[in-house]
Amino acid sequence: MQMALAAVAASLGGTLTDPTRGDVQVSSANSLANAGPGDLAFLWSDSYRDAAADSQAEAIVCRGAIPGQTCIVVEDPEAAMLTLLGAVYGQQRPQPLPGVHPAAVVSPQATLGEDASVGPGVVVEAGATIGDRTQLRAGAYIGFGVSIGNDCVVHPNVTILDRCRLGNRVVIWSGSVIGKDGFGFLQREGRHVRIPQIGTVIIEDDVEIGSLSNVARGAIEDTIIRRGVIIDDLCHVGHGSELGEYTIMVGRSGMGGSVKIGKRCLLGQDSALSTGMAMGDGSSLATNVRILYKDVPAGATMQRPVITHPPMMAKRIEASLPKLPELLRKVRRLEAEVERLTKLEETVEG
Amino acid sequence: MQMALAAVAASLGGTLTDPTRGDVQVSSANSLANAGPGDLAFLWSDSYRDAAADSQAEAIVCRGAIPGQTCIVVEDPEAAMLTLLGAVYGQQRPQPLPGVHPAAVVSPQATLGEDASVGPGVVVEAGATIGDRTQLRAGAYIGFGVSIGNDCVVHPNVTILDRCRLGNRVVIWSGSVIGKDGFGFLQREGRHVRIPQIGTVIIEDDVEIGSLSNVARGAIEDTIIRRGVIIDDLCHVGHGSELGEYTIMVGRSGMGGSVKIGKRCLLGQDSALSTGMAMGDGSSLATNVRILYKDVPAGATMQRPVITHPPMMAKRIEASLPKLPELLRKVRRLEAEVERLTKLEETVEG
Amino acid sequence: MQMALAAVAASLGGTLTDPTRGDVQVSSANSLANAGPGDLAFLWSDSYRDAAADSQAEAIVCRGAIPGQTCIVVEDPEAAMLTLLGAVYGQQRPQPLPGVHPAAVVSPQATLGEDASVGPGVVVEAGATIGDRTQLRAGAYIGFGVSIGNDCVVHPNVTILDRCRLGNRVVIWSGSVIGKDGFGFLQREGRHVRIPQIGTVIIEDDVEIGSLSNVARGAIEDTIIRRGVIIDDLCHVGHGSELGEYTIMVGRSGMGGSVKIGKRCLLGQDSALSTGMAMGDGSSLATNVRILYKDVPAGATMQRPVITHPPMMAKRIEASLPKLPELLRKVRRLEAEVERLTKLEETVEG
C-alpha cells in the first residue's frame, strides 16, 4: 500500500483537516501508540483520545479533529478502519486458486461445489459435500459424509471427522478438530467401555473457530453451534453441548458435555462450565470463572476473586482459609457475649 | 437403521411391554429428553426415572416397566444400549480398507502387520512397526522406530514421534502429539540449554487418548501410561510421568514432569498437578483442583472452593482476603479479653 | 551406547573413583532413583545427595566422591550430563537427509537454503524462504511469504501461516500453529465483524516452542517473541503480545492480546495474563496465577493461595467467603466495644 492522504480521505468519503498535506504518502497502518511517519492510525473510541493526542502517526482517522494532529474526519471510523485494513489484508494474502491440487486426495464419491479450492495434501473422503467457493487449505482432512457449505475457509491441518455439518461462511483455523467422539464411558467389570457416539456436530452459518480448538461429537444428541458464534483458540466444546447465536468463547475457555449456552453470551478467557450446566441469554463469565453447580441466569455476569498475592501473603491467606467457618462462629459467640456484658454494665451503671 | 420394536426386543433378549406395538418402526436413538416418534431411548439409572416418564420416545429400553410408556424390558439396559448404539455407529462409520493408500509414504525399513490400513498422506518412518489390523488414518505421522500393536486406531493428523511404543487396541484422536521432547532445560551462562531427552513414551493396551492432547517424552525415565487409561481432549501428560491402570483424565487436565498417579484415579476437568507430585490409588481431583505442594493420599478426594460471585461481591471478597490472617489473630485476642471480662463480672457479681 | 567406565571417565576428562571397575560396561543413563546395573546416573545438585547415596546406578557422575558408590568425578556434572545424554540422543534419532522429498509440495516461487531438508507431505507456499540446514519435517505447512532462518527444526504437522518470520535455530514442535489471525472483532449491527489482522509474528533466534502451542498474529502491531524464549506445550501467545529475551512459558500458560512481558520472566504452569497486562523484567508468575488488573513489577513473584481441601471443608470455606467483608466489619465493632468495656472496668476497679 502506498497512497496519498488526499486519496485515502477521498476513498473513505472523509475530510482531511490539513489540506496542505494531501500529497503526503502513507504506506501502512499501526496502533496509535506504535504508529510513526508513513503510518495511518485509527481512533474509534473516546477512551483512546489521550493516546491519539500523543500519537506519532502521519494521520489519524477519527470522528472529530484532534488538536495538533493531521486527521481524516469520517462519520464511522470503525467502518473506515475495516475498509482500509481489509485492503491491506487483501494485498498481503494471496487467495488460493479454485480447483483441486494434484497432491490432494478427493474421493470420487465426494462432491465439490463450483470454484471450490482444494489444496495439496487435503483428503476428502467418500460422501463429503463441499460448497461453492469453499477453500480447503493444505493438509485439511474432511471425513466420510461431512457436509460443508459455501464460502467457507478450512485452514491448513484442520481435521473434520465423519458426518459433521457446517453451514456457509464458516472459518476453521489450523489444528482444530471437529467431531471427535464425545467423552462417554461406562464402567463394566472394572473396565472403561466406550459408549458409541452416534450424534454429530452441527455448525451453522457465519461461525468462526480458532486454532487448536476442539468440538466433540454428541453421544446421542448432536453438538450444535448456532449462527454467528465466535470461538477463540485452544477452546473446548463438550459433546452434546449447544452454543446460542452470536455467543463468544474467548481463548482457552471450555465446558463439559451437555452444556446449554444461550444467545449472545460471553465466556471469558480460561472460563469453564461443568457437564450439564447452563447459561441464560446474554450472560457472561469473567476470566477464569468456573461454573460447577448452579446455572447462570440470563443477563448475569459472574466473576471470581483474583486472589493473587506476593508469596508470603498467599501462604498466610491459604493457612487462614480453612479456619474461616470456625471464625464465623467464634465472632457470632463474641458478639453475643459482648452484648450480654454491655447489658450487665448498664445494670451496674443503672 | 430401520427396525420393528418386536425385532429390537428379540435382538436384545428383552420383552416388549405392549406386544400390540411390535410392528412399530424405530429408526434412531436419542436421549430421554430429546427422543421423539421413531426414536428409542434408554433408562439405565434410576435417577432419570422422571425424564423417562415424560419422554416422547417411541419406546424405552429399561430394567422395569414404566407406567404410560412402551418399554423393552431387559436385564441390563446398559449392555442393551451399547449393543444398539454400536450397531448404529457401525452403519454410520465406514471402516477404511486394509492396505497402503498410494498417497501414503511408508519407509521400506518399516514393518506393517496383516490387514493394517494406512491412509492417504500418512508417513511411516524407518524402523517403525505397525501391528495387525491397526488403522493409521489420513495424515498421521509415525516416527523413526515407533512400535504400535494390533487393532489400534490412529486418527487423522495425529503425530507420534520417534521410538514411542504403543500396545494393543490403543486409540489416539486427531491432533494429539505423542513423544515430544520433555520440558527440560539448564541455565548455562544466562542461556537456556536443552537437556537431551533420551526417554520415550510407553502406552500400554486399551488406552484411549483424546484429541489435541500431548504426552511428552521423559528426559531419562520413560513416560508411562498403563493399561486401560482414558485421557480426554486438550490434556497434558508431563515428561517422565506415570499414570496407573484405568486412571481417567477428564478434559483439559494436566500435570508437570515426573508426576506419579496411581491406579483408578480421576483427574477432573481442568485439574492439574505440579512437577513431582503424586496421587495414591483410587484418589480423585475434583474439577479445577491444583495439587501444588502435597501428594494426594490413596482414596482421597480433593476439592477446591468454587468462589464465583457477582462482580461486586467478588471484589469485596478479594479485598477482604489479605486481611484474613490478621483477622484470625484479632478474634483470638477478643476471645481472651471477653473471657477476662466475664471473669471480672463474676467477681463483681460474686 | 556401550562403553567402559574408564572410557566414559576419559571422554569427560573426569576421574573414576574405583579404577578396578574401569572395564565395567554401561549401556544407558537413568535417574538416580531408577538407575540399575549398566546405567549411569548424574548428581549435579546437592539436594539429591540422599538419592545418590541410595542409587543402584553402575556409576554416578558427580562433583565429589559419594561414599559407597562408584563415581566419575568431574568439575561440571551438568556439562558432563549434557555431553553424555547428547551422545545417546544423537544415536537414537537419525537426522533426515538434506533435500526435498518427492512427496513434498514446494512452490517454484519459494527459496530453499543449502542442505535444507523438506520431508514428505510438507507444503511450502510461494514467496517462502527457508534457511540453510533447516529441517521441515513431514506434514509441516509453511505459508505464503514465510521466512525461516538457518538451522531451524519444524517438527511434523506444524502450521506456520502467511508472512511469519522466524530467526535462526528456532525449534517448533508438532501440532503448533504460528500466525493464526488474532482474536479481534467489532460489534456492528448485532453481528461480530472480524478486524482484518495485518500484523505478523516475529520469532527471533534460539526460540523453542512446544507442541500444540498457538502464537496469534497481531491486528496491527506484530506479535514478537524475542531471542532465547522457551515456550512449553499447549501454551497461547495472544495477538500483538511481546515476550522479552530468555523468558520462559511453562505448560499451558497463556495470555490475551497486547500483553508485554519483559526479559527473563517466568510464567508458571497454567498461569495467565489478561489482555493489555504487563510483566516487568525478571518477574514471575507461580503456577495457576492470573494477572487480571494490575501489571507485575520488575523482579516480583506473584502467587495465589492453593485452596484445595477435602470436599466438606471446601464447601464450608466456600459458604464462608461471601460473609468475609461483613465479618471484618463485625470484628472491628467488637474490638471497639471490648475496648470500651475494658475502660469501664478500669473505672469500676479504679
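Modeller: Let us begin with burial: a residue is buried if 20 or more other C-beta atoms lie within 10 Å of its own, exposed if 12 or fewer, and partly exposed in between, with C-beta atoms placed from the backbone. The model is predicted, and local features need pLDDT of at least 70, side-chain atom pairs count only at pLDDT 80 or more, whereas totals for chains, interfaces and linings use all residues. Residues are numbered from 1 along each chain as its sequence is written, and chains are lettered from A and ligands numbered from 1 in the order in which they are written.

Biologist: By that count, is Arg163(A) buried or exposed?

Modeller: Arg163(A) has 21 other C-beta atoms within 10 Å and is therefore buried. Its place is the loop between β18 (159-160) and β19 (165-166) of chain A; helices (H or I, at least four residues) and strands (E, at least two) are DSSP runs, numbered from the N terminus. Arg163(A) is not a glycine, yet its phi is positive, at about 70 degrees.

Biologist: Which value does phi take in Asp115(B)?

Modeller: Phi of Asp115(B), a residue other than glycine, is positive and near 60 degrees. Asp115(B) belongs to the loop between β10 (111-112) and β11 (117-118) of chain B. Asp115(B) counts as partly exposed because it has 15 C-beta neighbours inside 10 Å.

Biologist: How should I read the pairing of strands?

Modeller: Strands of a sheet pair through backbone hydrogen bonds, either parallel or antiparallel. Here two strands pair if DSSP finds at least two bridges between them. In chain A, 11 strands form an open sheet with parallel pairing, in the order β8-β11-β14-β17-β20-β25-β28-β31-β34-β37-β39. β8 (99-100) and β39 (301-302) of chain A stand at the edges with a single partner strand each, so one side of each has no neighbour in the sheet. Within chain A, β14 (residues 135-136) and β17 (residues 153-154) pair in the parallel sense over 2 bridges, and Leu136(A) stands opposite Val154(A) in β17(A).

Biologist: Which strand of chain B runs antiparallel to β22 (residues 185-188)?

Modeller: That strand is β23 (residues 191-194) of chain B, joined to β22(B) by 4 bridges. Phe185(B) has Arg194(B) in β23(B) as its bridge partner. The hairpin of β22(B) and β23(B) has 2 residues between the strands, and Glu189(B) takes a positive phi near 50 degrees there.

Biologist: What relates the chains to one another?

Modeller: Two copies of a chain are related by a rotation about an axis and a shift along it. Copies are superposed by least squares on the C-alpha atoms of residues with pLDDT of at least 70 in both. Chain A is superposed on chain B by a rotation of 120 degrees with 0.0 Å of shift along its axis (RMSD 0.1 Å). That is the relation of a three-fold axis. Chain C can be laid on chain A by a turn of 120 degrees and a shift of 0.0 Å along the axis, with an RMSD of 0.2 Å.

Biologist: How many residues of chain A are in contact with chain B?

Modeller: Two residues are in contact if their C-beta atoms, placed from the backbone, lie within 7 Å. On that basis 62 residues of chain A are in contact with 60 residues of chain B. α5(A) supplies the largest share of the side of chain A that touches chain B, 9 residues. By class, that side has 35 nonpolar, 16 polar and 11 charged residues, where Ala, Val, Leu, Ile, Met, Phe, Trp, Tyr, Cys and Pro count as nonpolar, Asp, Glu, Lys and Arg as charged, and the others, Gly among them, as polar.
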